[in-house]
Structures are given as structure tokens and as C-alpha cells.
Amino acid sequence: MEIKQWYEGEKPWIIAGPCSAETEEQMMETVEGLVNQGITTIRAGIWKPRTRPNSFEGVGKKAFPWIKKAKEIFKVQFAIEVASAQHVEMALENDIDILWVGARTTVNPFNVQEIADALKNATDKTVFVKNPINPDLNLWIGALERFHQAGITKLGAIHRGFSTYQESIYRNIPLWQIPIDLKSRYPELLLICDPSHIAGKRDLLFEIAQKAMNLRYDGLIIESHRDPAAAWSDAAQQLTPANLRVLLDKLQIRDLTFPSEKFQNELDHFRDEIDETDKELLEVLARRLELVKKVGTYKKDKNVAIFQLERWNTILQNRPEWGNQLNLNPEFVKTLYQAIHDESIRIQTDIYHEGE
Ligand SMILES: O=C(O)C(=O)C[C@]1(C(=O)O)C=C[C@@H](O)C=C1
């Protein structure tokens with residue numbers, strides 16, 4: 001997939017609006033509030049995929065006349081979620097500017113293809129693809145490819161976090177490495193962060209939005225409602241337009257270019273040192289894995305099991321402690337050793353099956 005840069009507007013691109021369109025009055029007031037804060041791309045859900053039945057599932061096509069009116073009065077662009085070919089047809093008939101595919105739709109290639117096919121005669125539309133609810137980069141890329149193949153060039157990816165069964169401070173854990181991998185593969189792909197769905201609550205929004213700016217995201221899509229407490233969906237994570245402005249004004253936008261030759265030289269110097277350190281690190285790692293091979297051969301001779309639970313528990317216990325004394329984050333050290341141990345098992349498994 002060859003992605004070309006197409007977005008020429010201001011960065012970060014701020015897209016904001018209510019989780020759901022509720023009433024004409026709510027829409028008009030919220031859009032007016034956002035326009036007063038300088039925001040001209042509005043989002044609103046009109047069909048809401050809900051986890052459980054009997055929740056508010058959106059007002060549906062009733063919202064189109066409100067959107068039309070808001071577009072005429074406030075000269076804004078509108079983005080809505082689509083989940084079927086029928087949604088696409090209605091969105092096109094009603095002159096919606098941006099369509100996004102939600103996380104629950106991205107997981108289903110049949111649905112995504114149906115939506116992409118419905119856009120065949122409207123390839124000038126902007127399409128955003130939210131990450132799938134499960135942490136699967138290929139599924140996300142696959143959905144983007146389907147739109148790309150259908151001829152959509154104004155493509156973007158929205159990072160809204162991933163579902164997890166574990167306890168987390170986030171509603172959807174961000175797993176930043178996944179969008180970083182996406183951006184590394186497709187540097188020109190527009191990448192937008194959705195702090196509202198990652199956070200699930202207002203007090204985490206700023207931290208997530210700032211992190212997205214640190215990681216060079218191109219924009220933010222944030223839920224905003226004239227009266228968040230009274231919102232019919234996602235009340236805990238929406239901001240008033242005025243509070244959204246406060247958040248945006250606090251954000252530090254990072255430079256994408258280097259300020260001077262001196263800066264570049266100093267950075268190169270640090271990077272040279274990092275290169276040297278990484279070589280040492282890999283040499284040490286190679287030495288460790290050579291030892292693991294020797295242990296593997298030794299254990300194989302005596303027909304002893306590869307996985308040694310007690311030894312592994314000891315490693316898992318004391319390496320994070322040793323790391324902590326060196327100012328290393330124990331969680332990081334634990335993850336690192338899990339990867340190393342995995343590799344040890346793989347190497348020893350090969351040894352055990354040698355000559356079979
Ligand atoms: O101590 C061993 O028995 C090893 O094979 C080494 C090692 C390790 O990588 O440190 C590898 C596998 C075992 O489960 C425990 C530890």
C-alpha cells in the first residue's frame with residue numbers, strides 16, 4: 001500500500017464533538033461552542049454500536065437535518081461513524097465530509113469490504129479507520145488496505161486503544177507500540193489519537209493527548225458536549241467546548257524539524273553513544289544465550305525438562321529488583337526477561353530436537 005500525504009490543514013488537526021447526536025438543540029449548541037473555540041471539524045455518532053442491548057443506540061438518520069443546518073450556519077465539516085453499506089449511502093446522500101469506521105467494524109473484513117465497496121463512486125471522501133478492538137496491527141492495516149484498494153486516497157488511522165480484560169486505569173489500553181509500528185511502516189499515513197476512548201474519563205485526557213503530541217500524531221479526535229453530565233452516552237469522558245480549549249491550550253506541540261545544525265550534531269553524538277551501548281548490550285545478550293545453549297545441551301544429556309519453574313521464579317523475582325537498584329523500571333525489566341526466557345526456551349527446544 002503506497003500512502004501519500006494529502007492533509008494540508010493545520011496540525012494538530014482537532015476534531016471534536018459529542019459522542020452522540022441527541023437533539024437538534026444539543027447539536028447546535030455544542031457546534032456553536034466548538035466553533036467559538038476555533039474548532040471547525042465536528043464529530044458526532046448517529047448510529048452507536050453498544051456492547052449491551054437496551055443502551056442508547058443513537059438517533060439515526062434523524063440527525064442528518066441537524067447536521068445540514070449546523071454545516072450551513074457554522075461552515076463546519078462533519079465526521080460520522082459508518083458500519084454498513086447502507087450507512088455509507090445515507091452519509092453520502094447527506095453530504096457528510098468524513099466517514100470513520102469504528103473499532104468493532106475494523107475487526108470484520110466482510111463489513112470493511114462492504115463499506116469500501118459502497119464508497120467506490122465517492123473516492124474523494126475522507127475515511128478514518130479506528131484500530132480494531134483487539135491488538136492486531138495486521139487487521140488494522142488490512143482495513144486500511146481495503147479502502148486504499150477501493151481508491152480512497154484521503155485515508156487516516158485513529159488510535160482509540162484496545163479492549164482488555166485486565167484491570168487498567170484506561171477504558172481501552174493504549175499499547176502505544178502498535179500505532180508507532182503503523183506509523184513506522186506508513187510514515188505518510190495520517191495518524192489521529194482518540195484520547196476520549198482510551199481514557200474513558202476526563203482526568204486522563206490531557207496526559208494521553210500530550211503523549212500523542214510527543215509521538216508526532218497528526219491530530220486528535222476528542223468528545224465534547226455542551227453539558228457532559230447530561231450526555232446520553234459516555235458522560236464521564238466528554239468535555240465542554242470551553243474545557244476542551246483549556247486542554248488544547250495546555251498542550252505542548254512538538255517540533256518535527258531540528259532547530260539548528262548544532263542541535264543535529266549534538267543529537268548525532270548521543271546517537272553514536274547509543275549505537276556503541278547497544279552493541280555492548282547485544283554482546284552481553286549473545287553471551288547469555290551461549291550459556292543457555294550450554295545448559296540446554298547439559299540438561300538434554302540427563303533428560304531434564306527445559307522449563308525450570310523454580311529457577312524462572314527466582315529470575316522473575318530478583319532481576320526486577322536488581323534493575324530497580326540501577327534505576328530501571330521493574331515492570332520493564334520483567335517484560336525484558338520474559339522475552340529473554342522465551343528465547344531461551346526456543347533455543348533449548350531446537351537443541352532437544354536436534355537430529356530428529
Ligand atoms: O536454568 C536453566 O535451566 C536454563 O535453562 C536457563 C533458563 C534461563 O534462560 O535463564 C532457561 C530456561 C529455564 O526455564 C530457566 C532458566
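## Review note: salt bridges, ligand shell and surface

1. Asp 350 is partly exposed, at 45% relative accessible area. Partly exposed means between buried (under 20% relative accessible area) and exposed (over 50%), with a 1.4 Å probe and protein chains only. Arg 346 is also partly exposed, at 44%. The two side chains form a salt bridge, 3.4 Å from N to O. A salt bridge here is a side-chain nitrogen of Lys or Arg within 4 Å of a carboxyl oxygen of Asp or Glu. Asp 350 and Arg 346 are four residues apart in helix 13, so about one helical turn separates them.

2. On the basis of the note: this is a predicted model, in which local features need pLDDT of at least 70 and side-chain atom pairs pLDDT 80 or more, while totals for chains, interfaces and linings use all residues. Numbering starts from 1 along each chain as its sequence is written, and side-chain values use heavy atoms, leaving out hydrogens and water.

3. The protein has 13 helices and eight strands. These are DSSP runs numbered from the N terminus: helices are H or I with at least four residues, strands E with at least two. The C-alpha trace spans about 80 × 50 × 40 Å along its principal axes. Of the 356 residues, 45% count as buried.

4. The whole structure holds 18 salt bridges. One joins Lys 11 to Asp 218, with the closest N and O atoms 2.9 Å apart. That pair links distant parts of the chain, 207 residues apart: Lys 11 sits before strand 1 (13-17), and Asp 218 in the loop between helix 9 (205-214) and strand 8 (219-223). Lys 11 is partly exposed at 38%, whereas Asp 218 is buried at 7%.

5. Asp 218 has a further salt bridge, to Lys 183, at 3.1 Å between the closest N and O atoms. Lys 183 lies in helix 7 (residues 177-185), so this pair ties together parts 35 residues apart in sequence. Lys 183 is partly exposed, at 21%.

6. Gln 26 is in helix 1 (residues 24-36). Its relative accessible area is 0%, so Gln 26 counts as buried. The Gln 26 side chain makes a polar contact of 3.4 Å with that of His 225. A polar contact is a pair of N or O atoms within 3.5 Å; within protein, one must be able to donate a hydrogen and the other to accept it, and residues adjacent in sequence count only if both atoms are side-chain atoms.

7. Now the ligand. Its shell includes Arg 288, Lys 299, Phe 307, His 341 and Gln 348; a residue is near if one of its heavy atoms lies within 4 Å. Five shell residues are nonpolar, four polar and three charged. Helices 11 (261-301), 12 (309-325) and 13 (330-352) each supply at least two. Helix 11 gives the most, with four.

8. Lys 299 is at 2.8 Å, His 341 at 2.7 Å and Gln 348 at 2.7 Å. The ligand alone exposes 360 Å², of which the protein buries 91%. These areas come from the Shrake-Rupley method with a 1.4 Å probe; for residues, only the protein chains shown count as cover.

9. Leu 326, Leu 328, Phe 332 and Leu 336 make a nonpolar surface patch of about 380 Å². Leu 328 lies in the loop between helix 12 and helix 13. Leu 328 is partly exposed, at 37%.

Definitions and conventions
Nonpolar A, V, L, I, M, F, W, Y, C, P; charged D, E, K, R; others polar. Patch = residues over 30% accessible without salt bridge, like charges linked within 9 Å, V, L, I, M, F, W, Y side chains within 5 Å.
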